[in-house]
Amino acid sequence: NLDLPDPTAVISEMSAELWNSAVRVLDKNWAGDHMVPSRRLYPHQWSWDAAFIAVGLCYVNPSRAWRDLRSLFEAQWPDGRVPHIVFDPHTAEGDYFPGPVFWDVPAYGGRRPRGSTALVQPPLHAVAAWEVYRRAMSHGAAAVREAHAALEWLYPRLVAQQDYLTGHRDAGGAGLASIVHPWESGLDNSPAWDAAMSAVPADLTLLQKYHRRDLDVADAAHRPTDVDYARYLGLVLSYRDGGYADAHLARDHDFVVECPNFNAILGAAEIALAQIAGVLGADPQVHRARAQRITTAIVDRLYDARSRTFRVLDVRTGAHSPARCISGLVPLILPDLPAYYADDIMTEARSARFGLPQQTDLPAPSYDRTAADFDTLRYWRGPVWINVNWLLRRGMLQHGYRDEAEDLRTAMVRLVHRSGEYEYFHPMTGEGIGEPAFSWTAALSLDLLA
Ligand code: 9WN
């Protein structure tokens with residue numbers, strides 16, 4: 001017995017190793033005024049990545065967290081949309097596809113000369129800004145002043161982002177945001193889109209015309225398929241042909257869906273804005289009321305009473321997606337979500353479909369493990385991702401599932417320590433897949449260790 005290592009010493013050694021290596025990843029991926037998700041596959045700035053990154057960066061370098069958010073919001077469009085990619089002019093066009101030439105956004109969109117896409121991603125930035133702000137205190141008075149100034153700069157821009165999403169993007173008319181492209185979800189090839197995407201034309205000749213750069217640097221078995229990409233490109237081209245305008249989306253656009261992950265983040269952003277408004281002397285109540293409305297709309301529209309799960313809604317057909325995906329668990333982050341629905345989410349999370357750590361020792365997979373088309377390698381169709389598990393854990397804490405939140409935290413920390421800061425992980429073996437040295441995995445590890 002005397003030879004057994006002290007478990008607390010083992011844990012703290014593991015924590016120190018992971019902490020140091022996560023900090024190194026974030027140092028390597030810093031590009032001067034923004035963070036890249038990874039050096040090879042994603043050599044620009046991505047929107048929801050910046051939010052997850054700020055949540056971790058604030059422990060080690062809050063100035064960089066603010067700089068990163070600022071770089072992103074400097075590319076905000078006049079209509080309020082925050083682009084899903086802000087391009088780095090120092091990166092060659094050929095280093096990421098589709099790049100600025102393909103997007104060809106009008107001069108008013110994005111901030112020249114950097115340029116951007118015309119799509120959005122889940123608006124987690126208010127949550128991130130609040131997290132960075134409330135940790136500023138531990139970095140001293142100058143950091144608190146910096147944080148206050150950063151919040152003042154960001155607040156109207158964050159409000160404009162919410163207004164765009166609940167205004168221009170309210171294609172369903174009930175106060176939720178529709179996404180018009182799977183890339184907007186951040187869960188690109190999730191089975192949640194399969195039903196809606198099957199109606200989108202797949203012009204495979206587009207793939208002869210353009211070169212899929214992702215396949216030069218990643219394994220084709222891990223990435224979305226060519227048919228997926230043909231549809232992705234076709235959707236961008238038709239949105240582009242309409243000048244990236246959002247009028248009549250439900251009538252004219254081929255893919256218009258309401259996602260529970262996206263909209264839960266939209267609601268959580270209003271809660272964070274209420275906190276930020278409180279600090280800045282603005283009115284928090286308006287944001288609390290909006291959060292409440294979003295939560296009610298998510299329950300009314302995205303909850304499927306028969307299966308007792310949250311589903312993606314196809315706005316064009318009015319049908320819920322049959323696929324049970326991790327996106328359906330994320331409404332747990334909404335503080336106003338009634339306990340009845342929170343319990344249903346936990347039942348689904350504990351089930352064999354998602355098998356929390358008690359069953360598998362691993363965080364939740366991105367898709368139902370029991371589904372016939374569960375795919376252990378292909379991106380959002382099975383593998384474990386740290387960012388959505390981080391959201392799930394946040395929801396557990398929000399609703400008082402403390403033990404399960406702690407189990408999930410431990411499972412995430414162990415996984416990243418064992419396999420490295422990978423983009424995603426094999427849902428059976430925990431092996432790292434996709435890009436190594438991936439920024440949000442590193443950043444969120446810091447938050448999980450702190
Ligand atoms: C397309 C950067 C992004 C993430 C997304 C993830 C992936 C891009 C891609 O990488 O999407 O936007 O090329 O596959 O799905 O969540 O923001 O890390």
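Select Pro98, in the loop between strand S2 (85-86) and helix H4 (100-103); helices (H or I, at least four residues) and strands (E, at least two) are DSSP runs, numbered from the N terminus. Phe97 and Pro98 are joined by a cis peptide bond, with omega about 0°. Most peptide bonds are trans, and most residues other than glycine have a negative phi.

Before going on, note that this is a predicted model, in which local features need pLDDT of at least 70 and side-chain atom pairs count only at pLDDT 80 or more, while totals for chains, interfaces and linings use all residues. Residues are numbered from 1 along each chain as its sequence is written. The mean pLDDT (the predictor's confidence in each residue, from 0 to 100) of the protein is 95, and 98% of its residues reach 70 or more.

Next, select helix H11 (residues 226-241). Its 16 residues should span 22 Å at 1.5 Å a residue, and its end C-alpha atoms are 22 Å apart, which agrees; the expected span is 1.5 Å times one less than the number of residues. Among the buried residues of H11 are Asp228, Arg231 and Tyr239. A residue is buried if 20 or more other C-beta atoms lie within 10 Å of its own, exposed if 12 or fewer, and partly exposed in between, with C-beta atoms placed from the backbone.

Move on to the loop between H11 and helix H12 (249-252), where Gly243 is found. Gly243 takes a positive phi of about 70° and is exposed, because 12 other C-beta atoms lie within 10 Å. Tyr244 lies in the loop between H11 and H12 too. Tyr244 has a positive phi of about 55° although it is not a glycine, and it counts as buried, with 20 C-beta neighbours inside 10 Å.

Now select Tyr379, in the loop between helix H16 (357-360) and helix H17 (386-398). Its phi is near 60°, a positive value in a residue other than glycine. Tyr379 is buried, with 23 other C-beta atoms within 10 Å.

Which residues are around the ligand? Select Pro37, Tyr42, Trp46, Trp48, Asp49, His84, Trp183, Gly186, Asp188 and Asp214; a residue is near a molecule if its C-beta atom, placed from the backbone, lies within 6 Å of it.

Finish at Leu69. Leaving aside neighbours within four places in sequence, Leu69 is in contact with Ala50, Ala54, His125, Ala128, Ala129 and Leu154; contact requires C-beta atoms, placed from the backbone, within 7 Å.

Key
Contact = placed C-beta atoms within 7 Å.
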